[in-house]
Amino acid sequence: MSFENILVEKRAALAQITINRPKKLNALNKCTISELHTAFDTLESDPAIKTIILTGSGEKAFVAGADISEFSNFSMEEGKRLAREGQEKLFDFVEQLATPVIAAINGFALGGGLELAMACHFRIASENAKMGLPEVSLGVIPGYGGTQRLPQLVGKGKAMEMIMTAGMISAQDAKDCGLVNHVSTQEELLPLVEKIASKILKNSSVAISAAIVAINANFKEGIDGFDAEIDAFGGCFGTEDFTEGTRAFLEKRKPNFPGN
Ligand code: COA
């Protein structure tokens, strides 16, 4: 896969997508959003890929937000379309992928950058990272799911404060409020993410996909998460991974999951 604004590498079952516009602090322009959609879609349909890492290039930024230069003269209709298309094409799309996606936040994750990290299944940050949703300082609100996913992760009051003040929080504060799971030095960030990914890779990818569906159901309006869990749980019993996982346990050996 070859792109203008992102890099995609594969290392066995692990894929890494790096947003690569360091001079613009990896800001998300239309082209980058479209390339990210294509890359995630292609990796999702590659049966060899079992976990995806998303990070930013350079030492300064994960993603410093949506590209402000692209929407500063938009009308109300254009603004609405920007948010809707972005949510569908990238943010909701990533959240609903069956392949686990880990955000490795290596610097600023602001606005659309934090929204993208929040759409990933979980987040790990380097200690220099700074996170926030500064949109109200520009006269707009988060439009790529930030008003929904930030309260889910940190609670309503903390989300209200972060969005209203437009302030940035440190990696340690982000860990303390549940926005990121771990904090490491910048050098150790990718090794740590890979270590956690290697634990994921040992497990049944089919069961992990079912777990993503069931967990996401908890946050979907009009869906009973417990029912979704029952369906997903039952579905596992029809998979070869379940047969192998339970047989391996009973035979006191490590499972060799076929992945279907
Ligand atoms: N959209 C477009 N361009 C952006 C950008 C964004 N969200 N964030 C950074 N850039 C560009 C800058 O315009 C600058 O480009 P230039 O060199 O051509 O002038 C370049 O990236 C470097 O940014 P700069 O502001 O010079 O770096 P800094 O270290 O002084 O400040 C930030 C870093 C992150 C504090 C600052 O860039 C910033 O506030 N960015 C916007 C954050 C934001 O509001 N995001 C939400 C958007 S909805």
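## Basis of the model

The model is predicted: local features need pLDDT of at least 70, side-chain atom pairs count only at pLDDT 80 or more, and totals for chains, interfaces and linings use all residues. Residues are numbered from 1 along each chain as its sequence is written, and side-chain values use heavy atoms, with hydrogens and water left out.

## The six-stranded sheet

Six strands make up an open sheet with mixed pairing, in the order S1-S2-S3-S5-S7-S10. Strands are DSSP runs of E with at least two residues, helices are runs of H or I with at least four, and both are numbered from the N terminus. Two strands pair if DSSP finds at least two bridges between them. The edges are strand S1 (6–11) and strand S10 (182–184); each has a single partner strand, so one side of each is left without a neighbour in the sheet. From one strand to the next, the twist averages 20 degrees.

S1 and S2 run antiparallel and are joined by six bridges. Arg 11 stands opposite Leu 14 in S2. The hairpin of these strands has two residues between them, and Ala 12 there takes a positive phi near 55 degrees. Strand S3 (residues 51–56) pairs with strand S5 (residues 101–105) in the parallel sense over four bridges, where Ile 52 has Val 101 of S5 as its bridge partner.

Helix H8 (residues 186–201) lies across S1, S2, S3, S5, S7 and S10, and runs at about 155 degrees to S7. Axes are lines fitted to C-alpha atoms, for helices over the stretch in contact, and angles run from 0 to 180 degrees between N-to-C directions.

## The four-stranded sheet

A further open sheet has four strands in the order S4-S6-S8-S9, again with mixed pairing. Strand S4 (61–63) and strand S9 (169–170) are at its edges with a single partner strand each, so one side of each is left without a neighbour in the sheet. Helix H4 (residues 112–119) packs on this sheet and touches S4, S6 and S8, its direction making about 90 degrees with that of S6. Contact means heavy atoms within 4.5 Å.

Strand S6 (residues 108–110) and strand S8 (residues 130–132) pair in the parallel sense over two bridges. Ala 109 has Met 131 in S8 as its bridge partner.

## The ligand

The ligand is surrounded by 16 residues, the closest being Lys 24, Lys 60, Ala 64, Ala 66 and Ile 68; a residue is near if one of its heavy atoms lies within 4 Å. By class, the shell has nine nonpolar, two polar and five charged residues. Ala, Val, Leu, Ile, Met, Phe, Trp, Tyr, Cys and Pro count as nonpolar, Asp, Glu, Lys and Arg as charged, and the others, Gly among them, as polar.

A polar side-chain atom of Lys 24 lies 2.6 Å from an oxygen atom of the ligand, and one of Lys 60 also lies 2.6 Å from a ligand oxygen atom. A backbone N or O atom of Ala 66 is 2.9 Å from a nitrogen atom of the ligand. The protein covers 60% of the 870 Å² of accessible area that the ligand has on its own, by the Shrake-Rupley method with a 1.4 Å probe.

Key:
A polar contact is a pair of N or O atoms within 3.5 Å; within protein, one must be able to donate a hydrogen and the other to accept it, and residues adjacent in sequence count only if both atoms are side-chain atoms.
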